[in-house]
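We will walk from stop to stop, picking residues as we go.

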Amino acid sequence: MKFKQSSLLVALLLAACGSDPASAPTLAVDVYGWGPDYVGGVGFVQGLPGFADSNGVQISVVQPLDGKILGSEVFPVSDSSGKVPEVSYGENLRLDFEVINTNGNVVASGASPLFDFDPDLDRLTFRIQVDAVDGFAPYGSIVKDGTTGERRYAQSRFDYRGTTSNQWLGRIGHGAVSMADGTIVVVGGGDPVPGASVTALPDFRSVNSDVQTFEIRTGYFTDIAIDASGAVVPADRLFQPVVWPTVTPLGDDKFLVAGGFTLQGTGALATDSLQILDMKAASGAKITRLQKVDGSFSQLKVARGRHQATYRAVDNSVVVIGGLGIVGADDVLDTFEVIKLDTGEVQGPFPLQAARVEHTATTMFDRSSIWVVGGRDKDGVLGTTEVINVDNTSTVDAPLRQPRFGHASVRVTPGIAGNLLVVVGGFTDMAGSATANYEVGGLGRGSFQTGTGWALSTPRGRPTVVELPTSNDLIVVGGRDGVTDRASADRLKFTNLGDNIPYVNVAGGTMTDARYMATANVASNGKVILIGGIGPYSGEVVAVDAAMMYNAHDPVSAGVQILE
């Protein structure tokens, strides 16, 4: 295995003991990275960048979903080759690549996507991007220079093949959800006119009707409306351009796209559309309008956008909650609706305890209770919470310690029966002042808890928050306080729910340019993928059309069982 600069790293992944190495499948890995480029700059490098104080390379084969390390080897950086350890055939494997300094600390890392390894394989090929731990980097893909024809790495950008010559595909307010194989699906979104207040609906320069996929193996975005011949298939576009819809996973790579705002002039108008996105369907049949049993189209009873929606498994329904109506930023809705997926019937609207927008809604572990937290109405910030029950009534639950909207809520994975929420950041007044604190509450337990040190490094309204699958740490990216965009990341390291501080904040890396309201997904290669968001581009402030990654480095712990 070669891993020095300007090299192609090729690994031989051997079969289980007793197999014939000559007939074993091979795994070819093309290593590149973002970092010091050996000529005094920073950029994409084929092979390993010149990370300071790099001393060794550790290569491990792991099963991250099961918390197992199947084999691991360490080589000096000065070595020209090495072999991946021999492992058994298996499913959901990942190849982890870590650069270690002279103190034994991991300074940079990368990983393959998840893959299955079986005797029928001939060859698997991956590209692994290695970049600094706790740092931001552009996500790379191979492009062809239009002038020289040279193949090179460049930052991944949306697929422009289905656009007109002057169309810009940067966006906020898009949906970003993951398929079973780790592919990220990006739905709608728009490019806003900068300068709107925190509670206003911005004007938009454009709103998109496309659905694009992001493949972490290659770094390529693909417009699903482009068929094999390169032609645009209009049926694989959304029924209308839309920003701030909800995109709710239904299982089997199907999603419900509900509501949102469409463009009317330069303003945003709430819509009542309901569409099914089926990523396994054939070209021309991936997007359909939800239908009732009699064949008529289903639609929301109340047009709404910037609402919340969550899947309720107990009755195979999607519950759509609150949001803004057709009158605009002051038309805060006090209702919820229930879309019955088996029949296409829309039930409601049913009353909420309070009108809410920029709240959160989480289906709890019992698969039936939906906890609705915080938000704002037209007059002020809410500290109340309520639970939508399976009989479609709503009951008051524990109030927040800090009223907030534009916050994040994450169901605590290590919590008792999945019955706990951690609520992070958010705006505390209508002018856009933000909070740095977080609090933890249990459904039906009577109160939220917070304390000294339960805080981020900086206040953040509309932060982007994801939970890492191995450590259960929370990665908090971006956000805003007042008019100041945050370029940094925080890592809330999970310790124990019984500790004085259950999530200890550790400052993360900083983006070169801040991105506000980007989406984030944890990919199967462990990287946090940021898509879209508002930021600077060519001297202007626009919605960004490129993918970035944050390297949170969430490895399988060496303290678990090692199988050799």
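Select Ser 141 and show its surroundings: leaving aside residues up to four places away in sequence, Ser 141 touches Arg 152, Tyr 153, Ala 154, Gln 155, Ser 156, Thr 218, Gly 219 and Tyr 220. Contact here means heavy atoms within 4.5 Å. This is a predicted model, in which local features need pLDDT of at least 70 and side-chain atom pairs count only at pLDDT 80 or more, while totals for chains, interfaces and linings use all residues. Residues are numbered from 1 along each chain as its sequence is written, and side-chain values use heavy atoms, with hydrogens and water left out.

Ser 141 belongs to strand β11 (residues 140–144). Helices (H or I, at least four residues) and strands (E, at least two) are DSSP runs, numbered from the N terminus. Is Ser 141 buried or exposed? Ser 141 has a relative accessible area of 4%, so it is buried; the cut-offs are under 20% for buried, over 50% for exposed and in between for partly exposed (1.4 Å probe, protein chains only).

**Aromatic rings**

Rings of Phe, Tyr and Trp (its six-membered ring) pair if their centres lie within 6.5 Å; planes under 30 degrees apart are stacked, over 60 edge-to-face, and the rest tilted. The whole structure holds 19 aromatic pairs. Why is the pair of Trp 34 and Phe 44 called edge-to-face? The ring planes of Trp 34 and Phe 44 stand at 75 degrees, with the centres 4.9 Å apart, so the pair is edge-to-face. Trp 34 is in strand β2 (residues 26–36) and Phe 44 in strand β3 (residues 42–46), so this pair ties together parts 10 residues apart in sequence. Trp 34 is partly exposed at 23% relative accessibility, and Phe 44 is partly exposed at 21%.

Now jump to Trp 371 and Phe 448, a tilted pair with 5.3 Å from centre to centre and 35 degrees between the planes. Trp 371 sits in strand β30 (residues 370–373) and Phe 448 in strand β36 (residues 448–449), so the pair ties together parts 77 residues apart in sequence. Trp 371 is buried, at 0% relative accessible area, and Phe 448 is buried, also at 0%.

Select Arg 171, which lies over the face of Phe 158 at 4.1 Å from the ring centre. Then select Arg 289, whose charged end sits over the ring of Phe 239, 4.0 Å from its centre. The rule asks for NZ of Lys or CZ of Arg within 6 Å of the ring centre and within 35 degrees of the ring normal.

**Strands side by side**

Switch to cartoon view and find β36 again. It is part of an open, antiparallel sheet of 4 strands in the order β33-β34-β35-β36. Strands pair if DSSP finds at least two bridges between them. The edge strands, each pairing on one side only, are β33 (408–411) and β36. Strand β35 (residues 438–442) and β36 are antiparallel over 2 bridges, and Val 440 stands opposite Gln 449 in β36.

Next, colour strand β20 (residues 254–258). Of its 5 residues, 4 are buried, so β20 is largely enclosed by the rest of the structure. Which strands pair with β20? Strand β19 (residues 246–251) pairs with β20 in the antiparallel sense over 5 bridges, and Val 257 in β20 is the bridge partner of Val 247. The hairpin of β19 and β20 has 2 residues between the strands, and Asp 252 in the turn has a positive phi of about 60 degrees. Strand β23 (residues 274–278) also pairs with β20, antiparallel over 5 bridges; there, Lys 254 stands opposite Asp 278.

**A stop at Asn 505**

Select Asn 505, in strand β42 (residues 503–510). Asn 505 counts as partly exposed at 22% relative accessibility. Asn 505 and Ala 455 are 50 residues apart in sequence, yet 6.9 Å apart from C-alpha to C-alpha. Beyond residues up to four places away in sequence, the contacts of Asn 505 include Leu 456, Asp 490 and Arg 491.
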